[in-house]
Amino acid sequence: FGIDAYCLNWRGQDWHFIGYVEDEPVSHVGALVHDVSVEGSPVRVGGIAAVVTIPSVRGKGYARRTLRAALVFLKDDQDAEFGFLFCIDRMIPFYQKMGWRKITDPVIVDQPQGKIPYPMNVMVLPFRNEEWPKGTVELNSWPW
């Protein structure tokens, strides 16, 4: 994903959604549920990670469909309030088309050396008609 220069430690995902075409896996979405804190108040998020499609079938909507399945699971089965993901710059338009919004407040993540500001983009997707709360976000975890 081109983020090795940040030297971050990452948390694994609890669920893996795989998109298939003719019995062949073509896309992957990792997911987890986690409570973050925004200005000290808990917010239950459905974390999304490792969204990838094999190069030969990119641009055909497979990642989008696999991601939608993961989001339905996180919202309906895991009662998450928002989708939450870490995003490289070039992928922002992909997520924005699906309704994701970039967080502009600081996001603080855990790392072996302590808590640090997350150096890249963080995006959220409301699962209900709520706005993401304003204020500093404490991830209380390694990013995923």
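1. Two strands pair if DSSP finds at least two bridges between them; strands (E, at least two residues) are DSSP runs, numbered from the N terminus. With that in place, Phe-17 stands opposite Val-29 in E2.

2. This is a predicted model, in which local features need pLDDT of at least 70, side-chain atom pairs count only at pLDDT 80 or more, and totals for chains, interfaces and linings use all residues. Residues are numbered from 1 along each chain as its sequence is written, and side-chain values use heavy atoms, with hydrogens and water left out.

3. Strand E1 (residues 15-21) runs antiparallel to E2, joined by seven bridges. Their hairpin has two residues between the strands, and Glu-22 takes a positive phi near 50°.

4. E2 also pairs with strand E3 (residues 41-53), antiparallel, over eleven bridges. Ser-27 stands opposite Thr-53 there. This hairpin too has two residues between its strands, with Glu-39 in the turn at a positive phi of about 50°.

5. Strand E9 (residues 137-138) is joined to E2 by two bridges, again antiparallel, with Ser-37 opposite Glu-138. Strand E2 (residues 24-38) is mostly covered, twelve of its 15 residues being buried (under 20% relative accessible area, 1.4 Å probe, protein chains only).

6. Asp-105 lies in the loop between strand E5 (101-102) and strand E6 (107-111). Leaving aside neighbours within four places in sequence, Asp-105 is in contact (heavy atoms within 4.5 Å) with Lys-134, Gly-135 and Thr-136. A polar atom of the Asp-105 side chain lies 2.7 Å from the backbone nitrogen of Gly-135.

How values were computed. Helix = DSSP H or I, 4+ residues; strand = E, 2+ residues; numbered from the N terminus. Polar contact = N/O pair within 3.5 Å; in protein donor to acceptor, adjacent residues only side chain to side chain. Buried < 20%, exposed > 50% of the residue type's maximum accessible area, 1.4 Å probe, protein only.
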